[in-house]
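Subject: Structure handover

Hello,

Please find the structure below, followed by notes on what was found in it. The terms are defined where they come up.

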Amino acid sequence: MGRQFINAVAAFISRQSLVEDRPVHDATAFSFLAPIEANSTRIRDELNDLLRDRASLPAFHEISPDQRRISKGNNWKVFILFGFGVPSQRNCVRCPETTRLLRGVPGLQSAWFSILAPRYHIPRHRGITKTVLRAHLGLVVPLQRDRCTMQVDDRVVEWEVGKCLVFDDFYHHEVWNDTDEERVVLVFDFDRPMRPFGRLVNIVLMWGIKCTAYFKDAERNLKSWDERLETAVQTADRMVEEEVTLD
């Protein structure tokens, strides 16, 4: 019954959509992506600061337990900025330029840095709603691009540094990084352009998602990780101050 309901809602959203229902979209059709691409080096600078402390970043399933089937060990790490429209205040402060650019995305829902380890495969899966489209901004892409790919339905795509890739993650998709380098993208979801009734349904659906364990567990886990990271930073700062005093 649940699956039938989800598929029925997806069919309704397809009819309400102002963009074609297909797995992969032309990024140039979304003008608000241009500033993000133009400022990708600034976003990469903020990412580099995070990667210096990558060991402290959580695996995806440590934030969202529902991802345990596709996120194993420490192979897929994340740094969450927004979750269904709700900002992670501490994380946003650490990435002010990225946050500023993301706030320019109409109907922004979720956003995070996605850090994929070498030789890792994300199994076939799909998103929970068709009311959003997903963008990936390529930030760190292995030199062997043809060995680091994503298949969305019947389309195989590659990432390019500084370019956005837009797709409908309600289609089944999976990712392979068959290289010895990590792959990092900025992932962000935005509302699918829809007719008024479709937009109204989207508001109701997003409210419903925020009431589920799927959202509440992730929100609670993210807060816990934020607090642990803040404690670690404060401890490191005190150690540095003590060393300076001793010198």
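Strand S6 (residues 132-140) is mostly covered, with nine of its nine residues buried. Buried means under 20% relative accessible area, exposed means over 50%, and partly exposed is in between, with a 1.4 Å probe and protein chains only. Strands (E, at least two residues) and helices (H or I, at least four) are DSSP runs, numbered from the N terminus. This is a predicted model, in which local features need pLDDT of at least 70 and side-chain atom pairs count only at pLDDT 80 or more, while totals for chains, interfaces and linings use all residues. Residues are numbered from 1 along each chain as its sequence is written, and side-chain values use heavy atoms, with hydrogens and water left out.

S6 is joined to strand S11 (residues 183-191) by eight bridges, and the two run antiparallel. Across this pairing, Val-187 in S11 is the bridge partner of His-136. S6 also runs antiparallel to strand S9 (residues 164-167), with four bridges between them; here Val-166 in S9 stands opposite Ala-135. Two strands are taken to pair if DSSP finds at least two bridges between them.

These pairings belong to an open sheet of seven strands in the order S1-S9-S6-S11-S4-S2-S3, with antiparallel pairing. Strands S1 (24-25) and S3 (86-87) stand at the edges with a single partner strand each, so one side of each has no neighbour in the sheet. S3 pairs with strand S2 (residues 76-83) in the antiparallel sense over two bridges, and Val-86 in S3 stands opposite Gly-83.

Helix H3 (residues 40-51) lies across S2, strand S4 (108-116), S6 and S11, and runs at about 75° to S6. Axes are lines fitted to C-alpha atoms, for helices over the stretch in contact, and angles run from 0 to 180 degrees between N-to-C directions.

Val-132 lies in S6 and counts as buried because its relative accessible area is 5%. Leaving aside neighbours within four places in sequence, Val-132 is in contact (heavy atoms within 4.5 Å) with Gln-109, Asp-168, Asp-189, Phe-190, Asp-191, Arg-192 and Met-206. The C-alpha atoms of Val-132 and Leu-108, 24 residues apart along the chain, are separated by 9.0 Å.

Thr-149 is in strand S7 (residues 148-152), and counts as buried because its relative accessibility is 10%. Not counting residues up to four places away in sequence, Thr-149 touches Val-156, Val-157, Glu-158, Trp-159, Glu-174, Val-175 and Trp-176.

On the surface, Phe-197, Leu-200, Ile-203 and Val-204 form a nonpolar patch with about 420 Å² of accessible area together. Patches are made of residues with over 30% relative accessible area and no salt bridge, joining like charges within 9 Å and nonpolar side chains (Val, Leu, Ile, Met, Phe, Trp, Tyr) within 5 Å. A salt bridge is a side-chain nitrogen of Lys or Arg within 4 Å of a carboxyl oxygen of Asp or Glu. Accessible areas come from the Shrake-Rupley method with a 1.4 Å probe, and for residues only the protein chains shown count as cover. Leu-200 is placed in helix H7 (residues 196-210) and, at 47% relative accessibility, counts as partly exposed.

For the whole protein, the secondary structure comes to eight helices and eleven strands. Of the 247 residues, 49% count as buried.

Regards
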